[in-house]
Amino acid sequence: MLLAVELDSGTIAWMLTSTALVLLMTPGLALFYGGQARSKSVLNMMMMVFSTCATVGVLWVIVGYSLAFGDDVGGGLLGNPGQYFMLSSLLSETVQTDGLPDVAFVAFQAMFAILTVGLIAGAAADRMKFNSWMVFSLLWATLVYFPIAHWVFDLDAGWIANGIGAVDFAGGTAVHINAGTAALVLCIVLGKRRGWPREAMRPHNLTMVMLGAGLLWFGWFGFNAGSAAVANFAATYAFLNTVVATCTAICGWLIIEQIRDGKATSLGAASGIVAGLVAITPACAAVTPLGAMAIGFIAGIACAYGVGLKYKLGFDDSFDVVGVHLVGGLVGTLLIGFFAWDGAPAAASGVFYGGGWAQLGIQAIAAVAVIAYSGIVTAIIALIVKAIMGLRVDDDSEAAGVDEGEHAESGYDFSSLRSGGGGLGSSHSTLSAPTQVTATAGKEG
Amino acid sequence: MKMVTAIIKPFVLEDVKGALEQLGVLGMTVSEVQGYGRQKGHTEVYRGAEYSVDFVPKVRIEVVTDDTAAEKVVDAIAETARTGKIGDGKVWVTPVETVVRVRTGERGADAL
């Protein structure tokens, strides 16, 4: 018997908006990472991020949504992979949850899958074969992201969300700890860039980095507040916390830089934004605005130190996926155990609000489980791809720039010789900056 | 004829150019270069990691003059570019065998 369908126009409008917002995070991330690359590898970095739409987006329709949100087939570990093949069983007005057609939720969660794989790319800059990255993306999404998304985002069946009752509103574990762990493993299997860490390899375009951070923040409202999956109080609550935690994270990061390095940097401000957003992602519906500000501030400080780990331990995590996403994800996930307030939509109680240590223990189990699973399976995938197709471009290609080597392009064609000659007149050198002549002209006149 | 080559700090370029114009020097070539002398490089701290910056940005000026003017050009550059601080640069003179003006084919001092 067919029931009357009650769709909620407010919820539909908000979730479609959120979906578009989260999509924007992928180009935002491409700018954020691309600006941190050297000028000879900016396009490859942006392509690694954008290409996840081509791999993971397609995979999502075939098997991804089923693995993540299909009926549970193994104690909260996996969804039924054949359930929503090509999404054909969802294409009806009557297939809806809380007034939202499931097709909208499919699109919303597709953006999460695409972005999570893109996050890993930042650890593999300047040196990875593009084809190998594409294959790695497909395998990693299938074997790592989709199962973990089922654990965390399937609120009725996932063992982390439903089984043990961990609080992870928008993906501190499934997205950030997961991608951060995978980034660590991938960059170790891949090896260091030639010359790292002896050469500085500083970002080539920090205006791009800051624009990217701004777009990430903008898109993150869809990521966090959209994770309510309805237009309700929880969405507005998550939205507010996504503002305030990010603000204090910038403070935390810049204060550490000022004390440690003597200068507050624009890369620090941009990274602080991302660190705050990462940390509040799991916690945005579980803590008060004061708690959100504390989590953001602590994340800013922890991640500012976290990005130094790679120099101490010697892994070339090029653009600090570990220092920001793994560390920030852990900060947010674990601090829920302290700052969770039972009046918030997530209704959990942490140590500071009379809940005792139980929630902290649950949060830790969730974090450790994701690190362990992601770490082991990522290592297996990376080693298999390395054995079969190789992971690294050859030395000449890496030295000349992976943009030319892998894509036959360069991000900035300033050389007139290369682009066909005849254009030497428009130099980009600082020497040719015009000097002011009006003052002398006035004297002579 | 002589070629005067000078390596100077970038921010004194405009002053040096003005001084050479005063002397009647009609042309010059400048380029952005990097290097070090006894000044050596320095270290920088960025994102918690310390780097040594070995090559410092400088400007190279090249002026071809007749033999008599070379000494004045050297003096003008040295005086104008001097700040008294470490890293002010160097000026040197080398002999030039011949010069051709491409447009007219003039040779030697006429081509300057």
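How much area do chain B and chain A bury between them? In this predicted model, the two chains bury about 1400 Å² between them, and 54% of that area lies on carbon and sulfur atoms. The points below begin with this contact and then turn to chain A itself.

**The contact between the chains**
- Chain A brings 20 residues to the contact, while chain B brings 13 residues.
- Of the area that chain B buries against chain A, 60% is supplied by B:Tyr46, B:Arg47 and B:Tyr51, which is more than any other three residues supply.

**The build of chain A**
- Chain A contains 16 helices together with 2 strands.
- The radius of gyration of chain A is 23 Å, close to the 22 Å that the globule rule gives for 445 residues, so chain A is as compact as a globular protein of that length.
- Taken along the principal axes, the box that the C-alpha atoms of chain A fill is roughly 90 × 50 × 45 Å.

**The inside of chain A**
- Of the 445 residues in chain A, 55% are buried, where buried means under 20% relative accessible area.
- When contacts in chain A between residues at least 6 apart in sequence are considered, 77% of them join residues at least 24 apart.

How values were computed:
Residues numbered from 1 in each chain as written. Chains lettered and ligands numbered in written order. Predicted model: local features only at pLDDT ≥ 70, side-chain atom pairs only at ≥ 80, totals over all residues. Heavy atoms only, no water. Helix = DSSP H or I, 4+ residues; strand = E, 2+ residues; numbered from the N terminus. Rg over C-alpha atoms; globule rule 2.2 N^0.38 Å. Buried < 20%, exposed > 50% of the residue type's maximum accessible area, 1.4 Å probe, protein only. Contact = heavy atoms within 4.5 Å. Buried area = accessible area lost by both parts, 1.4 Å probe.
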